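Trainee: Hi, I've just been handed a new model to look through. Could you walk me through it?
Mentor: Happy to, let's open it up.

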Amino acid sequence: MYTLYYAPGAASLVVHWLLIDLDLPHELVKLDIAARQHKTPEYLALNPSGVVPTLLIDGKPMCEAAAMAMLLADAKPEAGLAPVIGSAKRAEYYQWMSHLANSLQPPFRLWWYPSEAAGEANAEAGKATAEARIHGVFANLDAHLAKNGPYLLGDAASAADFMLVMLMRWSRNMPKTALDYPHLAKLAGLMKSRPSWKALYAAEGLEEWA
Ligand SMILES: N[C@@H](CCC(=O)N[C@@H](CS)C(=O)NCC(=O)O)C(=O)O
């Protein structure tokens, strides 16, 4: 049994989306980030970094959204959202999941929390740097999809596409968004056509970027 501590639209979104898409039984605990419910002693005991999400697996806490996404994809191999261990596609899958978690998610964190790196006085510079890094990654991903798409691994969706679309969604209020890249936009269209996307929006009460 899975219990997901989530906040609407946050890094928990990929985990929630996969729980729905894979039809895995789960419970939700909603956290209000503005009310700092992710900084209470009870939550910090589960997730010492005090970030969202946390996934309880039979009561045991797990942190890191990308790791959760890979775990859930492996929990239901018949759904085909994770290539078979030992296959060439599996190597690509590890590469993309790590790339998204290490090279795209961190500049988004800097963009959302621009004073975190070097204080309020340097927030604008931090935000501009983050945005440039995000667009550098988007451009490379778009070029990859142009040659090898429509999904990151080619013809079939994997958990990496769920992760990527969550991160693309976070660019929705930037002057230039992920949807300004044609192959990223095509991928988003494919992923949003899954019934689980609509169910996720209903469950989290989301409206933007539907
Ligand atoms: N590497 C972590 C990052 C999680 C993260 O930064 N979550 C954000 C929401 S998207 C958060 O909890 N922000 C509130 C805070 O840091 O105070 C993961 O992927 O689980």
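Trainee: Which residues does L81 touch, not counting residues up to four places away in sequence?
Mentor: L81 touches L18, D21, L22, A73, Y93, A157, S158, A159, F162 and R194. A contact here means heavy atoms within 4.5 Å.

Trainee: Before I go on, what kind of model is this?
Mentor: This is a predicted model, where local features need pLDDT of at least 70, side-chain atom pairs count only at pLDDT 80 or more, and totals for chains, interfaces and linings use all residues. Residues are numbered from 1 along each chain as its sequence is written, and side-chain values use heavy atoms, with hydrogens and water left out.

Trainee: Thanks! Back to L81: where is its place?
Mentor: L81 sits in the loop between α3 and α4. Helices (H or I, at least four residues) and strands (E, at least two) are DSSP runs, numbered from the N terminus.

Trainee: And is L81 buried or exposed?
Mentor: L81 counts as buried because its relative accessibility is 2%. Buried means under 20% relative accessible area, exposed means over 50%, and partly exposed is in between, using a 1.4 Å probe and protein chains only.

Trainee: What about E42, buried or exposed?
Mentor: E42 is exposed, because its relative accessible area is 59%. E42 lies in helix α2, residues 41-46. From C-alpha to C-alpha, E42 and G86 are 40 Å apart in space, and they are 44 residues apart in sequence.

Trainee: Let's switch to helices. How many residues of α6 are buried?
Mentor: Helix α6 (residues 159-169) is mostly covered, with 11 of its 11 residues buried. Those buried residues pack against α1, α3, α4, α5 (123-148), α7 (182-192) and α8 (195-204).

Trainee: How many are buried in α1?
Mentor: Seven of the nine residues of α1 are buried: L13, V14, V15, H16, W17, L18 and L19. Just after α1, D23 takes a positive phi of about 55°.

Trainee: What do β1, α1 and β2 make?
Mentor: Together, β1, helix α1 (residues 13-21) and β2 make a right-handed β-α-β unit. Right-handed means that, with the strands pointing away from the viewer, the path from the first strand over the helix to the second runs clockwise.

Trainee: In which sense do β1 and β2 pair?
Mentor: Strand β1 (residues 2-6) and strand β2 (residues 26-30) pair in the parallel sense over five bridges. Two strands count as paired if DSSP finds at least two bridges between them. Y6 stands opposite K30 in β2.

Trainee: And β3 with β4, parallel or antiparallel?
Mentor: Antiparallel: β3 (residues 54-57) and β4 (residues 60-63) pair over four bridges. T54 stands opposite C63 in β4. Their hairpin has two residues between the strands, and D58 there takes a positive phi near 50°.

Trainee: Last topic: what volume does the largest pocket have?
Mentor: The largest pocket has a volume of about 770 Å³. On a 1 Å grid over the protein atoms alone, a pocket is an open set of points where a 1.4 Å probe fits, with protein on both sides within 12 Å along at least five of seven lines; lining residues have an atom within 4 Å of a point. Grid points are joined across faces, edges and corners, and the volume is the space filled by probe spheres set on the points.

Trainee: Which lining residues are closest to its centre?
Mentor: Of the 29 lining residues, A11, V52, R109, Y113 and W170 are the closest to the centre of the largest pocket. Helix α4 gives the most to that lining, with six residues.
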